[in-house]
Amino acid sequence: MSSERLTRYQQLAEEIADGIRAGLLRPGERLPSVRQTCELRGVSPSTVFQAYGQLESQGLVEARARSGFFVRAAKRAARSALQTAQPSGEATPVTISELVFELLGSTRDADVVPLGSAFPAPHLFPFDALARSGARAMRRLPAARITGALTAGDEGLRQALRRRYALHGVPLGEGELVITNGAMEALNLCLQAVTKPGDVVVVESPTFYAALQALERLHLKAVEVATDPREGVDLGALAALLERQPVAACWFMPSFQNPLGALMQPERKRALVDLLARHRVPLIEDDVYGELHAGARRPPPAKAFDREGGVLHCASFSKCLAPGYRVGWAAAGRYAPVVERLKMSSSLATSIPPQLALVDYLEQGGFDRHLRRLREALAGQQQQALRLVERHFPSGTRVTRPLGGYFLWLELPPQVDALALHHRARAHNISTAPGVLFSPDGRFTHHLRLNVGHPGDPRFDGALRLLGELAHLG
């Protein structure tokens, strides 16, 4: 970028900022469109985008999907983000929810290309077959069964899950499973079971933003541990951390971690479970992506190496079979009675009809066939997305190559502000998940998580190309 061009966009941004501070442009007022500004000022679209991007990063304007750029109210100024290369190792109070709500609201809009969402494309799931299973199950349901198995969940579903666990080499105790309203309820109940307000919980770095929201809600402190995009949690760093300070629990995603996509190999999962057992620290294992492996066999969860009941394994059907049905579960080891009591005192029970629909579907024998098709579609789309990122994003962009799941984690060049890029993309009906969502202290300012689980969406390739072009603007 030439110094003349740099001066022009900075000058334009400064003039608009002066107008906002002087009250000439009021909160909520729409800025001239990029095309109008080009005509009025005699500048290029690139100059206008960079000027508006700088104003976004200063918290003075915001992009609104399909509407353009608007002056922001002072109370909504963008929060500053502390950028660090490695986790500090210090416990941090969590305040992430406001940012999550603000940035991810776009996923509700069907017109937005959902690169920032957490779900694959709906057409990948067998909703017609599930509907038939639901109708069949409800027709033969005795009325008394509706209230016959409240808190722990339907016994038929728990038996089906125990069989599937055993198939993967994880025998479960008779009363260990609790059916929940999605995996998030399972994870939250398990977190409540092993912590009290003020406790320290170890999370991956970066980590799933919903984990940070759960810690915030329960008034817990987060301490981050370095996590490798291929190998997962740094066990040496974790061991040092456990020696240094008291820890109530760890919340990790050892298989296809969100957002990195990291997969811990079995020997590393075994070492993790052994390390935590020595310190008597429970592991809350988030395994919602475990079925979405690209290899021939499902990787064993950390729960497979648990001999003392210290792993609280949580999963659901939401990412692999039935999004929207909100059926998850916790295999909570020695903490299962506590989790069941917490379930009873909070939501009491999980809706019976979706549980019975899933039981019927599993009995028909089509689940693994569906999973093979789903994995193949996601793997193919990941390769397409990688080609587009390499072709269209700025030089110096680094991207993960996960062995499963449907997320890519991008490290953009240092001059690219991912939060500003998110707002620019929103103006073009594209959502992203900027990296600041995935750390309690707002790091990862030039990182993005992209959802590439949308094969067959004709908008996808164009959206990635345009996102790459916007990233070139800094």
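Residues are numbered from 1 along each chain as its sequence is written, and side-chain values use heavy atoms, with hydrogens and water left out. Because the model is predicted, local features need pLDDT of at least 70 and side-chain atom pairs count only at pLDDT 80 or more, while totals for chains, interfaces and linings use all residues.

**Aromatic rings**

Let's start with the rings. A pair of aromatic rings is described by the distance of the centres and the angle of the planes. Here, rings of Phe, Tyr and Trp (its six-membered ring) pair if their centres lie within 6.5 Å; planes under 30 degrees apart count as stacked, over 60 as edge-to-face and the rest as tilted. By that rule the structure holds 11 aromatic pairs. One of them joins Phe-208 and Tyr-209, a tilted pair because the planes stand at 50°, with the ring centres 5.2 Å apart. Phe-208 is buried at 13% relative accessibility, and Tyr-209 is buried at 8%; buried means under 20% relative accessible area, exposed over 50%, and partly exposed in between (1.4 Å probe, protein chains only).

Trp-409 and Phe-444 make another pair, with centres 5.7 Å apart and planes at 75°, so this one is edge-to-face. The pair links distant parts of the chain, 35 residues apart: Trp-409 belongs to strand S14 (residues 407-411), and Phe-444 to the loop between strand S16 (433-434) and strand S17 (447-451). Helices (H or I, at least four residues) and strands (E, at least two) are DSSP runs, numbered from the N terminus. Both Trp-409 and Phe-444 are buried. Together with Phe-208, Tyr-209 and Phe-438, they form one aromatic cluster.

Two rings also have a charge over them, meaning that NZ of Lys or CZ of Arg is within 6 Å of the ring centre and within 35 degrees of the ring normal:

| Charged residue | Ring | Distance from ring centre |
|---|---|---|
| Lys-319 | Phe-119 | 4.5 Å |
| Arg-449 | Phe-407 | 4.2 Å |

**A helix crossing**

Next come helix H5 (residues 127-139) and helix H12 (residues 352-364), whose axes come within 8 Å and cross at roughly 110°. Axes are lines fitted to C-alpha atoms, for helices over the stretch in contact, and angles run from 0 to 180 degrees between N-to-C directions. H5 and H12 are therefore roughly perpendicular, the word used for 65 to 115 degrees, with under 35 being roughly parallel, over 145 roughly antiparallel and the rest oblique. Residues in contact (heavy atoms within 4.5 Å) include Leu-130, Ser-133 and Arg-136 in H5, and Leu-356, Asp-360 and Tyr-361 in H12.

Most residues other than glycine have a negative phi, and most peptide bonds are trans. A cis peptide bond joins Ser-205 and Pro-206, with omega about 0°; Pro-206 sits in the loop between strand S6 (200-205) and helix H8 (209-217). Asn-258 and Pro-259 are likewise joined by a cis bond, with omega about 20°, and Pro-259 lies in the loop between strand S9 (249-252) and helix H10 (266-278).

As for phi, Asn-429 has a positive value of about 60° although it is not a glycine. Asn-429 is found in the loop between helix H14 (418-426) and strand S15 (430-431), and is buried, with a relative accessible area of 17%.
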